[in-house]
Amino acid sequence: MKDLLSPNDYKSPLKPIWCPGCGDYGVLQALYRALSAIGRPPHEIAFISGIGCSSRIPGYTTAYGFNTVHGRALPIAQGVKLANPDLLVIVAGGDGDGFSIGGGHVPHAIRRNVDLTYIVMDNQVYGLTKGQLSPTSPQGLKTVTSPLGSIEQPINPLLTVLASGAGFVAQATPADMPGMTALIEEAIRYPGFSFVNIQSPCITFGEEDQQLKAHKSRMKTLASLGHDPANQLAALDLARAYGTELYTGVFYRNATPPPTYDAQIRQRKAELQRGEPRPRSRVLDGYLRAGGGPTS
Amino acid sequence: MTPVTGIDFERLTLRDALDLAILIEEEARDRYLEFAEQLATHDTPEVADFFARMSRIEERHRMELLERRRTLFGNTRSAVERRNIFDVEAPEYEAARAFMGVRQALETVLAAEVKAQVFFSEALPRVKDPELKALFEELRDEEVQHQALVNAELARRPEKPDDSEAYADDPVAQ
């Protein structure tokens, strides 16, 4: 008798074509395990992504999936969640997709607090298109588009989402599979917009000191630093170390999560179904009673 | 970082220990199969075949353990879950490389076997039940035997310079 969902139940027959050694393989495996722990069947889950190596994830799961257009995963995911609030919606993508072309959508998805989990596989480079500078590339990085080294300041994804008011912000690395799996699970369980920045190195175009072997020696858990995830100011302070330190764990978790956008929509729908007049109808009725409307 | 979460070794039963061992072999089987698929996709057919063979070997080990489990405990439900096992005998994803050679693949397997041996060795002092202790000792010793086989195979293959980096600027399009 089989009644528990195993990680393999979320694995589709489509084989990933990422480069061997890519960090995204570990992320995908952690997602299968986190979903198995949560126990929602694949038909109750939707993966939404943009464009990029990591955005191929929807195809590699048995859940519903939509590999959308570049940088537009968040708006589409919000639409999916509002159209079917019962779905567990996970957004996946890279740092270029999320913080360059799609960067404008991030603060709005956060301020609306739609119940989504946004997983960014941050490899600090555009790997799919063969190694150009991405918004999180460190200063000085030499790539095909910066042969003398990048002169731009990188975006700090952790600070960006914290400053926008995200209720759950974490960072992980595939160098710590149990830790990453637990963080993904916790993010999915958080009621509201949750964000996990995963330092998922590009094996082909990434720097040596960004690979998983280097992560293992560099990473420090926030718990080991005595960080209290309820302390938003401390979280902001620790997030400033992005790019120099590799902190893993929960930076911030709102201890009293506010109502989600989708919950408020449900509440408003329920109010309307109870027969309370819609303001617009009242205006229209008044207008018609006053003799307004089309003339023949 | 413990490669197994949510298991109290001091309270582990023989049935659960067998299930744990079965799932460890299953994870290794699946990982080698993934590696075989990755390397077949990335034009490394010889190593893809090697990893496919490794996957079949792990499946054989899994089936042997499963048979013992069924004989002793039938099909009763397991208290150990696959999602709690992290790369005990499975090589880590980062070990695979496009254009890697068979020697590198053998070294990957060797590292995985050593890892599994360490896991059982470290678990042993926490296990109290004599039957369980015997099982873990047996599993640990098997990993040592596997290492000897891999080392013998490595000795037959001369070291060659690693030229995989020569292809680093020419990855397969996604």
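My notes follow, element by element.

**Ground rules.** I am reading a predicted model, where local features need pLDDT of at least 70, side-chain atom pairs count only at pLDDT 80 or more, and totals for chains, interfaces and linings use all residues. Residues are numbered from 1 along each chain as its sequence is written, while chains are lettered from A and ligands numbered from 1 in the order in which they are written.

**The sheet.** I looked up the strand order in chain A. It reads β2-β1-β3-β4-β6-β5-β8-β7, an open sheet of eight strands with mixed pairing. Helices (H or I, at least four residues) and strands (E, at least two) are DSSP runs, numbered from the N terminus. Two strands pair if DSSP finds at least two bridges between them. The edge strands are β2 (64-67) and β7 (220-221) of chain A, and each pairs on one side only.

**Strand β4(A).** Next I checked the neighbours of β4(A). Six bridges tie β3(A) to β4(A), and these two run parallel. Here Val89(A) has Leu116(A) as its bridge partner. Six bridges also join β4(A) to β6 (residues 194-199) of chain A, again parallel. Tyr118(A) is partnered by Phe195(A), and Ile119(A) by Val196(A).

Is β4(A) mostly covered or mostly open? I found seven of its seven residues buried. Buried means 20 or more other C-beta atoms within 10 Å of the residue's own; exposed means 12 or fewer, and partly exposed is in between, with C-beta atoms placed from the backbone. Leu116(A), Tyr118(A), Val120(A) and Asp122(A) are buried on one side, and Thr117(A), Ile119(A) and Met121(A) on the other.

**Helix α2(A).** I then turned to α2 (residues 73-83) of chain A. Its buried residues are Ala73(A), Leu74(A), Ala77(A), Gln78(A), Val80(A) and Lys81(A). An α-helix has 3.6 residues a turn, so residues three or four places apart point the same way. The buried residues of α2(A) pack against several elements, including β4 (116-122) and α9 (261-273) of chain A.

**Chain contact.** Last, I looked at where chain A touches chain B. Each chain gives 21 residues to the contact. Two residues are in contact if their C-beta atoms, placed from the backbone, lie within 7 Å. On the chain A side, α1(A) gives the most, with five residues.
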